[in-house]
Amino acid sequence: WHAFSDESDPSNQYVNSVTILRGHDNIWNEDYHVVHHHEPKVHWTDMPNSFAENKAKYIECRATVFADCEQGLFFAWMFGCKWDDMVDHFV
């Protein structure tokens, strides 16, 4: 799932794809969303390891990462314009 865009680099999938750490309902590791864009052959059970191994790349590419929330809550914040709530979970 996608929510943001880098104006200077709209194709930056690290920004376009939202990653959630310690998600409350992380079914099939879907919270490591960008992993499947950059490493589509990684099995869903290996996504956390892939994220950890490539953490430097996430930092370099200014990845969109949130923590301690879940997709439904994130979308409620976004569509409800609850930016302060969202920022509290931005990594």
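Asp 6 is buried, with a relative accessible area of 9%; here buried stands for under 20% relative accessible area, exposed for over 50%, and partly exposed for values in between (1.4 Å probe, protein chains only). The model is a predicted one, in which local features need pLDDT of at least 70 and side-chain atom pairs count only at pLDDT 80 or more, while totals for chains, interfaces and linings use all residues. Residues are numbered from 1 along each chain as its sequence is written, and side-chain values use heavy atoms, with hydrogens and water left out.

The side chain of Asp 6 meets that of Arg 62 in a salt bridge, at 2.3 Å from N to O. A salt bridge is taken as a side-chain nitrogen of Lys or Arg within 4 Å of a carboxyl oxygen of Asp or Glu. Distant parts of the chain are linked by this pair: Asp 6 lies in the segment before helix 1 (13-16) and Arg 62 in the loop between helix 4 (55-60) and strand 2 (65-67), 56 residues apart. Helices (H or I, at least four residues) and strands (E, at least two) are DSSP runs, numbered from the N terminus.

By this rule for salt bridges, the count comes to three. Another of them joins the side chains of Asp 68 and Arg 22, at 2.9 Å from N to O. Asp 68 counts as partly exposed at 33% relative accessibility, whereas Arg 22 is exposed, with a relative accessible area of 54%.

Glu 60 and Lys 57 are separated by about one helical turn because they are three residues apart in helix 4. Glu 60 is exposed, at 59% relative accessibility, and Lys 57 is partly exposed, with a relative accessible area of 34%.

Attention turns next to a histidine pair. His 33 is found in helix 2 (residues 33-38) and is buried, its relative accessible area being 12%. Its side chain makes a polar contact with the side chain of His 2, at 3.3 Å. A polar contact is a pair of N or O atoms within 3.5 Å; within protein, one must be able to donate a hydrogen and the other to accept it, and residues adjacent in sequence count only if both atoms are side-chain atoms. Leaving aside neighbours within four places in sequence, His 33 is in contact (heavy atoms within 4.5 Å) with Trp 1, His 2, Ser 17, Val 18 and Thr 19.
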